[in-house]
Amino acid sequence: MRVLPLISALSKLRIFIPPGLRPLEARQSILLAIQELGNRFPQGFPKLNPVKDMKVNDPEIVKLVNQIEEVEQKLFSHPMHKVC
């Protein structure tokens, strides 16, 4: 099993990825696409919401997503968060 330590969240944005990534031009096109998205979304990429974006209606999942949003809102509104 391969660990992907650089993935911290999933976004609802999509980009086209060429079928082969060996040529330098293919990798550069992906880099340019990601940089362009970074310019369009300076506050960060919009996160994928399983309830709204994927139409997941399981009550337990909806409850967990709501709890996560509440905790994130408390975390980001805390004065110590702005210090870091």
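Where is Ile15 found? Select Ile15 and trace the chain around it: this residue is found in the segment before α1, the helix that covers 24-40. Keep in mind during the tour that the model is predicted.

**Stop 1**

Leave Ile15 selected and show the surface. Ile15 is partly exposed, because its relative accessible area is 31%, and buried would mean under 20%.

**Stop 2**

Select Ser11, Leu13, Arg14, Ile15, Ile17, Ile30, Ile34, Leu37 and Phe45, and you have the lining of the second largest pocket. The space inside this pocket is about 180 Å³.

Arg14 has its place in the segment before α1. Is Arg14 buried or exposed? With a relative accessible area of 80%, Arg14 is exposed, since the cut-off for that word is over 50%. While you are here, use the distance tool from the C-alpha of Arg14 to the C-alpha of Ile34. The two residues are 20 apart in sequence, and the distance in space is 9.8 Å.

**Stop 2: a salt bridge inside a helix**

How many salt bridges does the structure hold? There are 2 of them, and we will visit each in turn.

Arg40 is exposed, at 59% relative accessible area, while Glu36 is partly exposed, at 38%.

**Stop 3: a salt bridge between two parts of the chain**

Now select Glu72 and Lys47. Their side chains also meet in a salt bridge, with 3.3 Å from N to O. Glu72 belongs to helix α2 (residues 59-77) and Lys47 to the loop between α1 and α2, so this pair ties together parts that lie 25 residues apart in sequence. Glu72 is partly exposed, with 27% relative accessible area. Lys47 is partly exposed too, and its value is 48%.

**Stop 4: the largest pocket**

Keep Glu72 and Lys47 on screen, as they lead us to the next place. The largest pocket has a volume of about 450 Å³. Which residues that line the largest pocket are the closest to its centre? Of the 13 lining residues, they are Lys47, Leu48, Asn49, Ile68 and Glu72. Colour the whole lining by type and you will see 7 nonpolar, 2 polar and 4 charged residues.

Click on Asn49 next. Asn49 is found in the loop between α1 and α2. Asn49 counts as buried because its relative accessible area is 12%, which is under the 20% cut-off. Then draw a line from the C-alpha of Asn49 to the C-alpha of Asn39. These two residues are 10 apart along the chain, and 22 Å separates those atoms.

**Stop 6**

For the last stop, select Lys55 in the loop between α1 and α2. If your viewer reports backbone angles, look up phi for Lys55: the angle is positive, about 60 degrees, although Lys55 is not a glycine. Finish by turning on the surface around Lys55. This residue counts as exposed, because its relative accessibility is 61%.

Key
Residues numbered from 1 in each chain as written. Predicted model: local features only at pLDDT ≥ 70, side-chain atom pairs only at ≥ 80, totals over all residues. Heavy atoms only, no water. 1 Å grid on protein atoms, 1.4 Å probe; cavity = no way out; pocket = protein on both sides within 12 Å on 5 of 7 lines; lining within 4 Å. Points joined across faces, edges and corners; volume = space filled by probe spheres on them. Nonpolar A, V, L, I, M, F, W, Y, C, P; charged D, E, K, R; others polar. Helix = DSSP H or I, 4+ residues; strand = E, 2+ residues; numbered from the N terminus. Buried < 20%, exposed > 50% of the residue type's maximum accessible area, 1.4 Å probe, protein only. Salt bridge = Lys/Arg side-chain N within 4 Å of Asp/Glu carboxyl O.
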